[in-house]
Structures are given as structure tokens and as C-alpha cells.
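Good morning, and thank you for the time.

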Amino acid sequence: MDRFVVRTPREQARGECSVSVKSVGASKQSTIHSLPGVVVIEEIKRMKAKLKLPNQSKPVMLECLKELGKKIPPRHVLVDTKIGHIVNKLKKHPDEDISRQAKRVYIKWRAFFEEHVDKPQIEVKCDKKAENMRLRGKTYLSEALGLEREHELVEAIEREAFFTNKRLISPAYRRSMRNFVFKLRNSEELKTSVLAGDLTVEDFVKQYKKS
């Protein structure tokens with residue numbers, strides 16, 4: 001099946017996520033992210049980063065699972081991101097509400113694949129230029145936190161920052177990342193609070209992001 005990328009020159013210049021289309025329908029690009037058949041890979045990875053945090057709050061976990069339940073990731077996305085493994089593991093979570101919600105997502109995904117094996121889907125993912133710029137941001141952030149670049153906390157903060165900037169490598173995103181690094185390097189109290197989970201990823205990004 002044909003595959004192409006929908007990306008305007010303006011999006012290319014600003015590092016916006018592109019639309020990788022495996023099947024072309026009649027849907028307009030302006031509403032493409034809201035369609036059930038569209039899987040924004042960045043969002044899948046963002047939810048994964050949140051769910052992997054060991055001290056993540058119950059409300060955030062439930063919200064992530066509800067959002068995941070709205071989409072049907074292609075099989076290769078489930079494998080590549082390991083989000084299927086995480087959801088499956090959460091089915092045994094000690095909190096009944098979380099385990100129940102995880103089971104709902106798992107059952108919905110399984111039922112879809114059993115009934116629509118060959119149904120095409122649309123994936124939205126970032127281009128190489130945007131990914132390289134984000135990788136540099138995570139490197140600086142990991143150094144400020146004293147963690148590995150692949151650590152789930154580094155991943156969660158960067159993805160939350162990217163999300164709040166409308167999935168754009170915009171001046172606001174870059175200013176926000178620089179401010180995160182500056183604040184963490186110059187405040188041991190703030191760094192400790194973020195590492196301990198006393199200040200959540202969402203609140204940290206909201207408090208120190210730049211416009």
C-alpha cells in the first residue's frame with residue numbers, strides 16, 4: 001500500500017510532526033489528529049513515559065489509559081513502543097481502578113485486531129530534524145537532573161514540554177527547555193523535588209515553560 005508524508009514547508013521549517021499516511025481517505029488534514037483511525041506516535045510515547053514513572057499519581061495514570069483507549073495503535077507501534085506490554089502489565093496493578101481501565105484498553109485493542117486484521121491506519125510522527133533537536137534538549141535536561149538521557153523522568157518532561165507547545169520545535173519550546181535546564185542546575189531544592197516526584201512533571205512544565 002502506498003505511503004507518503006503530508007508536510008507543509010512551514011511545518012518543515014519549524015520541526016512540526018508530519019503525517020505519515022498508509023491509507024488515504026476523505027478526511028481533512030485540519031481534523032486529522034482527532035480521528036479514531038489516526039495514531040499520533042508522539043502521544044503514544046508521551047503516555048508511555050507518564051505510565052512508566054514509578055511515583056506517578058493515580059489520576060494521571062487513569063487519564064493516560066483513557067487517552068490510550070481512544071486510539072488503536074498499529075501492531076508495529078505496539079511492538080516498537082512497548083506500550084502494549086505496559087498496558088498488559090497494568091492489568092495486574094494493585095489499584096482496582098487502574099487495573100480495570102488497563103483491562104478495558106487491552107480488550108479493546110485485542111478485539112480490534114481480531115476483527116480488523118488488515119484495516120489501514122494513519123500514523124503521525126516527527127521528522128528527523130525535529131527528533132534530533134529534541135534529542136539535544138533531552139541531553140541537556142538529563143545532565144541537569146543527573147540522570148541517563150533515556151531515563152523515564154527525562155523522557156516524560158521533554159514530551160510534556162513538546163506537547164504543551166503544540167508538537168512544534170518552536171522558539172517557545174526552545175526557551176522552555178533552556179529554562180528547565182537553568183532552573184534545575186541552579187536550584188538543588190527544585191531538582192530534589194522533581195526527582196522525588198513531589199513536583200509532578202505536569203506542574204513542573206506548567207510552572208517553568210516559556211511562551
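I begin with the salt bridges, of which the count comes to 18. A salt bridge here is a side-chain nitrogen of Lys or Arg within 4 Å of a carboxyl oxygen of Asp or Glu. Side chains of opposite charge can pair when their charged atoms come close.

Before the details, a word on the source. This is a predicted model, in which local features need pLDDT of at least 70 and side-chain atom pairs count only at pLDDT 80 or more, while totals for chains, interfaces and linings use all residues. Residues are numbered from 1 along each chain as its sequence is written, and side-chain values use heavy atoms, with hydrogens and water left out.

Let me take three of these bridges in turn. Glu160 pairs with Lys50, and their closest N and O atoms are 3.1 Å apart. Glu160 lies in helix H8 and Lys50 in helix H2, residues 41-52, so the pair ties together parts that are 110 residues apart in sequence. Helices here are DSSP runs of H or I, at least four residues long, numbered from the N terminus. Are Glu160 and Lys50 buried or exposed? Both Glu160 and Lys50 are buried. Buried means under 20% relative accessible area, exposed means over 50%, and partly exposed lies in between, with a 1.4 Å probe and protein chains only.

The second bridge joins Asp95 to Lys58, with 3.3 Å between the closest N and O atoms. This pair also links distant parts of the chain, 37 residues apart: Asp95 is in the loop between helix H5 (83-90) and helix H6 (96-115), and Lys58 is in helix H3 (residues 58-68). Asp95 is partly exposed, at a relative accessible area of 22%, and Lys58 is partly exposed at 32%.

Glu131 is partly exposed, at 30% relative accessibility, whereas Arg134 is buried, with a relative accessible area of 1%. Both belong to a network of salt bridges that links Glu42, Glu131, Arg134, Lys138, Glu155, Glu158 and Arg159.

I turn now to helix H2. Of its 12 residues, 10 are buried, so H2 is largely enclosed by the rest of the structure. Among the buried ones are Ile41, Glu42, Ile44, Met47 and Leu51. At 1.5 Å a residue, H2 should span 16 Å, and its end C-alpha atoms are 17 Å apart, which agrees. The expected span is 1.5 Å times one less than the number of residues.

Arg46 is found in H2 and counts as buried, at 8% relative accessibility. Its side chain makes a polar contact of 3.2 Å with the side chain of Glu43. A polar contact is a pair of N or O atoms within 3.5 Å; within protein, one must be able to donate a hydrogen and the other to accept it, and residues adjacent in sequence count only if both atoms are side-chain atoms. Leaving aside neighbours within four places in sequence, Arg46 is in contact, meaning heavy atoms within 4.5 Å, with Arg159, Glu160 and Phe163.

Next, the nonpolar interior. A nonpolar core is a set of buried Ala, Val, Leu, Ile, Met, Phe, Trp, Tyr and Cys residues joined through side-chain atoms within 4.5 Å. The largest has 26 residues, and those with the most contacts inside it include Leu141, Ile157, Phe180 and Phe204. Helices H7, H8, H9, H10 and H11 each supply at least two residues of this core, and H8 gives the most, with 6 residues. Apart from this core lies another, of 23 residues, among them Ile41, Ile44, Val77 and Ala102.

I finish with the aromatic pairs, of which there are 4 in the whole structure. Rings of Phe, Tyr and Trp (its six-membered ring) pair if their centres lie within 6.5 Å; planes under 30 degrees apart count as stacked, over 60 as edge-to-face and the rest as tilted. Phe112 and Phe113 form an edge-to-face pair, 5.6 Å centre to centre with 80° between the planes, and both are buried. Ring pairs also link Phe180, Phe204 and Tyr208 into a cluster.
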